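Hello,

Here is the structure I promised to pass on. Please open it first, then read my notes below.

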Amino acid sequence: MPYKTSAHGVVHREANYFVFKIDTPTRVVADLKEEYGRDVDIIRQRVYKATEETNTNCTLEKELLPPAYRKEVQNMIEEGKTQVNKFTYKFNYNSEVESVINRQIQAEQQAAQDYLSMAVTFLHPAVSRPGAGGFFMSMYEEELGHMQDFINYQLMRGGTPAITCVKGPPDNKNLTLLSAFEKGLAMEKSVTELLEDVVKVAETANDYECADFVTAVFLKEQFKSINEMAHHVTRLTRLKDEHAIYHYDLELCKSHPYTPKIPK
Ligand SMILES: [Fe+2]
């Protein structure tokens, strides 16, 4: 390297250079940079706009031809015939609705991951709250199911599901039963607000099918979850000692048993 460079906490004096030529919409560049920035094997990345070198041989005779008789235009028409028009598979599906459904996919994915991180914290032998572990593991599975439902819905409407990275799990140090259910309650409320926003966007776009799908299938379930979490928070707030919390966890264990399947 021309000079030493530090990246990801390591000083580098040697490196390899790679040049990639990418043909992509400009909106993808931010995602590429973000992804490259997280890759520890990439020390520096730069994106430059390439200027196309055109080597066009054109004669006055060709230039004077009407567009339909020009070779390049004929090629473009042929190419167009091979591509599927989006109106073939998308019917009355507004791009704003498609985008909020993608935001919901991501929200469900985030909720699944955050519940999973709480579940494994409680299931660790150093913490040993198997009931809470089982409860949050079942919440993880439920959120994964919601994510798949929205992916399937997006596909059914001819939209393109966006599968993206989600934020890292929360810091679960000092997680207690009470703080976990408080977090769960806050998560369920925020997912509900996002769902209500999907309904608003769908209604504004006159997409009654999407508004009905979210209202009928998901909103009721969300309010049930909020209610369930709120009950847990109220009961756990009353418990003051380890003995009481031990029994609370034991009760959760009965309703949400978790038996890990370890491959033989
Ligand atoms: Fe959900």
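**Helix packing**

The crossing of α5 and α6 is left-handed, meaning that the near helix is turned anticlockwise from the far one by less than a right angle, with clockwise being right-handed. Helices here are DSSP runs (H or I, at least four residues; strands are E, at least two), numbered from the N terminus. The axes of these two helices come within 8 Å and cross at roughly 165°. Therefore α5 is roughly antiparallel to α6; that term is for angles over 145 degrees. Axes are lines fitted to C-alpha atoms, for helices over the stretch in contact, and angles run from 0 to 180 degrees between N-to-C directions.

Two points before you go on. This is a predicted model: local features need pLDDT of at least 70, side-chain atom pairs count only at pLDDT 80 or more, and totals for chains, interfaces and linings use all residues. Residues are numbered from 1 along each chain as its sequence is written.

**The core**

The largest nonpolar core has 37 residues. Such a core is a set of buried Ala, Val, Leu, Ile, Met, Phe, Trp, Tyr and Cys residues joined through C-beta atoms within 7 Å. Tyr115 and Phe136 touch the most other members. Helices α5 (95-123), α6 (130-156), α7 (177-204), α8 (208-238) and α9 (242-255) each supply at least two residues. The most come from α5, with 11 residues.

Tyr115 is in contact (C-beta atoms, placed from the backbone, within 7 Å) with Phe136, Met139, Tyr140 and Glu143, leaving aside neighbours within four places in sequence.

**The annotated site**

UniProt, in an unreviewed entry, lists Glu143, His146, Glu188 and Gln222 under "binding site". Its annotations may be inferred rather than shown by experiment; positions are in the numbering used here and feature names are shortened. The four are spread over 80 residues of sequence, yet they cluster in space, with a largest C-alpha distance of 12.6 Å.

Are Glu188 and Gln222 buried or partly exposed? Glu188, in helix α7, is buried because 23 other C-beta atoms lie within 10 Å. Gln222, in helix α8, has 19, so Gln222 is partly exposed. The cut-offs are 20 or more for buried, 12 or fewer for exposed, and partly exposed in between, with C-beta atoms placed from the backbone.

Again leaving aside neighbours within four places in sequence, Glu188 is in contact with Gln222, Ser225, Ile226 and Met229. Gln222 is in contact with Glu188, Val191, Thr192 and Leu195 on that basis.

Best wishes

Key
Contact = placed C-beta atoms within 7 Å. Parallel < 35°, antiparallel > 145°, perpendicular 65-115°, else oblique.
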